[in-house]
Amino acid sequence: MIKKIKDFLGVDIKNDKYALVDDEIFGKVAKSKKPDKWIRSTCGYCGVGCGLYIGVKDGQPVYTKGDPAHPVSKGTLCPKGLSEHEMVRANNRLTTPLVRKDGHLAPVEWDEAFKKASEAFKDVAQKHGKEAVACISTGQLLTEEFYTLGKFVQLGLGSNNYDGNTTLCMSSAVMGYKQSFGSDGPPGCYEDFSHADVIMLIGANIADNHPILKLHIAKNKKTTGKKPTIIVVDPRHSKTANMADIFVPLKPRTDLALINGLCHIIWEQGWADESFMREKASGYKAFVKHIQNYPPQEVANITGIEVKVLYELARIYAGADKAMSAWTMGVNQSALGTDTVSAICNMALMTGNLGREGASPFSITGQCNAMGTRESGFTSSIPGYRNFASSHDREEYASIVGVPTEIVPDKRGYAYPQIIEGIEKGEIKALWVVATNPLVSYPDQPRLRAALKKLDMLVVQDAFMSDTAQLADVIFAAATWSEKDGTYTNSERRCNLAKKAVEPIGKSKSDFHIVVEFSRYFDGAYELLFEGWEDPRDAFAEWQKVSKGQLCDYSGMSYEKIETLGGIQWPCNAENPDGTPRLYHDTMECTTEDGKPKFICADWEPMAENICEGFPLVLNSGRTVEQFHTRTKTGEIAILDNLAPEAWIELNPKDAEKLQVKSGERMGISSPRGRIDDLVVKVTEGVREGNIFVPFHYNTELINTLTQSLFDPKSFEPNFKQTAVQVHSEKVPEGIVFPQTEIVGELSHDKVTEEVSGVKVEEKVAKS
Ligand SMILES: Nc1nc2c(c(=O)[nH]1)N[C@H]1C(S)=C(S)[C@@H](COP(=O)(O)OP(=O)(O)OC[C@H]3O[C@@H](n4cnc5c(=O)[nH]c(N)nc54)[C@H](O)[C@@H]3O)O[C@H]1N2
Ligand SMILES: Nc1nc2c(c(=O)[nH]1)N[C@H]1C(S)=C(S)[C@@H](COP(=O)(O)OP(=O)(O)OC[C@H]3O[C@@H](n4cnc5c(=O)[nH]c(N)nc54)[C@H](O)[C@@H]3O)O[C@H]1N2
Ligand code: SF4
Ligand SMILES: [Mo]
């Protein structure tokens, strides 16, 4: 195939350098609607960061094609990438700013929208303090826009209550990395999937959600000469479980006990890399003591995974020369998320799987630029992963950007759930929502909706008429992907160019221009922060200075170099002019006090909201390949939406039998917070008995009506993946449907250990 593409294009795509492709060649592919020009860019959906070309005809985006020369995707795209051009001119785009007048949203000129919003923000700040104005942003703007927005909110508005939807998503990975390595920043890269002997995917359904990553796993056999052993840890037999050599269908939210238990066995059996543990990491002694509390039989009771399978997993992971562990929301979206991330890092440290090719603990990011928002400053750090509490960091940042140090916040602000609580309590009176749609994506909707009603001013900045936009007092109409220039940084720290191919629709403006122009309505803010800034390059230039010398160093990049190389992985500076594939490589230098990564001792705990008589099932929620999040981008694209037009409930056959329901019938679900009705039933062995799964994308079957206000105390990430619920159907009367299913055992600390090491698991563990 590669040869075919190569011959066809007449370019050497094996060459690491980013080959140029002749426009004419693609023109031949798209005969029927041959674009006038092709613009090279990056996909704006998920964190994989695939390279693509946008085909433009008469000023409109008409085609999307994979870029064969891009190192991440080599010419391939998933269905969302392939249809991305259709999103740009969809019917639900916002084409003009709007202001609520007599209860209705009316189109206005930008000046009126900016005046209305700025007067309200200034009024609230004067009456209730600057922190009474809060902002919730996203992982979907360009880095230049994040940098600009963060600078304006923190230094211009003077509010530190600035967080984003990344707290619903990556914040447990961020805090876990901080605990273990001193700083955020995924240590590995996609190439590691092509070199690892063992790949353990924990709570990550890449087949639906990061499909093009599979390309790097597929390359593995060619690289290593043998097929890697793939382990998939997920209570649900996801599409990714079909790829597994060993599928581990653990009880929900027991991953921390599982990993601690695997570490116990690795130590007990002498499979640990003891010299690595002693010399390269810190906290080794306390950790060895800690894992004694996780003997295999107890871990088997907690996780539902047999002792002999635990031994087999430990043997395979520790026995590999190169082991990779990658995770996503099954780990992060839990009240134990941060500690589970650190436990995964512990297991890697114990076996020397860090900083080497094919050997890394790796968080796969969700949104196209979840990394950009983490790096450029938000509630828990000043730009460049700097620390609010450090006067050195504050002074350094202030001197680079030329502002008085006093205006740089000296403590962290509220995280997303704390902002919502602040609104509830009446502390926060004005909210600016940028590129996120809480009315579908935030947990415990009844509580959120009651809180939002208390606001004096809600400004929503979105490219589409989202559910949240419909509630706004003022709407800023934003340009989106393909209508603006800048960069996205993907899961492997690769900064890619996302280029403008067409003009913004109607009166919409890029988020960069919205923020810069809005700042002119606040006395002196524009002059202090953005004087002379005309386009995103100005923000990028300052960001390069601000990030210089930090772990996320962009100082050695330029737009031109990014394009030539097909993206650059930070840190990129004078020492590493072409970027850095792996962190903690060679020197293993971390940003901890002693420069070493740390072992973290963290205990598993049973679920806070345990299933009970009235709510006997555990609801798990997640995604499907055809839809993106709250469907503002995919709901109007027929080729995607028609394949998954409504939500469904996945139900185990045993539960279906108890409830006397069949596939295709309709059911309702309730939790202590609310009820949703009329979901179509899909009976499948894929979910465990006592568990159900529902996708979260649909405002029509709004699953977040049911989810709870339970957050990880360190990362503030919601515990989205487990909620105690009841199901209802016409055949089944209200009330208790069937008896409580035992979900999680108590950790009793009796030291029963079965000596079954070396037992070979002949078959895949429970296929369903
Ligand atoms: N098509 C599509 N792709 C996307 C997105 C999208 O909306 N649509 N969104 C993007 C974003 S922002 C994100 S964050 C990623 C998310 O990507 P993923 O994390 O892969 O997505 P989810 O479906 O939320 O959850 C992953 C898996 O976690 C499992 N899980 C549930 N509970 C547990 C548990 O207790 N332990 C373990 N080990 N696993 C558990 C679920 O069964 C599910 O299969 O996808 C990105 N890609
Ligand atoms: N129950 C449950 N809930 C979940 C999850 C789960 O697994 N289960 N997953 C959580 C996760 S991981 C995530 S990331 C969140 C996602 O939740 P949201 O962030 O609410 O999801 P999106 O639909 O991506 O919202 C992005 C918004 O930005 C707008 N937009 C797109 N491009 C642009 C642009 O260029 N500029 C501007 N200004 N706006 C733009 C879109 O129209 C959309 O309204 O959902 C979370 N909620
Ligand atoms: S895998 Fe992600 S980045 Fe690649 S085409 Fe699909 S949505 Fe876009
Ligand atoms: Mo996400």
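How do the residues of the shell around ligand 3 divide into nonpolar, polar and charged? Some notes on that and on the cysteines follow.

1. Keep in mind that this is a predicted model. In it, the shell around ligand 3 splits into 8 nonpolar, 2 polar and 1 charged residues. The residues surrounding the ligand are C43, Y45, C46, G49, C50, L77, C78, K80, G81, P211 and I212.

2. As for where it goes, ligand 3 sits in the second largest cavity. That cavity has a volume of about 110 Å³, and 14 residues line it, with C43, C46, V48, C50 and C78 the closest to its centre. The whole count comes to 7 cavities of 30 Å³ or more.

3. Now the cysteines. Searching the whole structure for disulfides turns up 0. For anyone wanting the reminder, a disulfide is a covalent bond between the sulfur atoms of two cysteines. C135 is in no disulfide, and the nearest cysteine sulfur, that of C368, is 17 Å away.

4. Is C135 buried or exposed? C135 counts as buried because its relative accessibility is 1%, under the 20% cut-off. C43, one of the residues around ligand 3, has a relative accessibility of 9%, so C43 counts as buried as well.

Conventions: Residues are numbered from 1 along each chain as its sequence is written. Chains are lettered from A and ligands numbered from 1 in the order in which they are written. This is a predicted model: local features need pLDDT of at least 70, side-chain atom pairs count only at pLDDT 80 or more; totals for chains, interfaces and linings use all residues. Side-chain values use heavy atoms; hydrogens and water are left out. On a 1 Å grid over the protein atoms alone, a cavity is a set of points where a 1.4 Å probe fits but cannot get out, and a pocket is an open set with protein on both sides within 12 Å along at least five of seven lines; lining residues have an atom within 4 Å of a point. Grid points are joined across faces, edges and corners, and a volume is the space filled by probe spheres set on the points. A disulfide is a pair of cysteine sulfur atoms within 2.5 Å. Buried means under 20% relative accessible area, exposed over 50%, partly exposed in between (1.4 Å probe, protein chains only). A residue is near a molecule or strand if one of its heavy atoms lies within 4 Å of it. A molecule sits in a cavity or pocket if more than half of its atoms lie within 2 Å of its grid points. Ala, Val, Leu, Ile, Met, Phe, Trp, Tyr, Cys and Pro count as nonpolar, Asp, Glu, Lys and Arg as charged, and the others, Gly among them, as polar.
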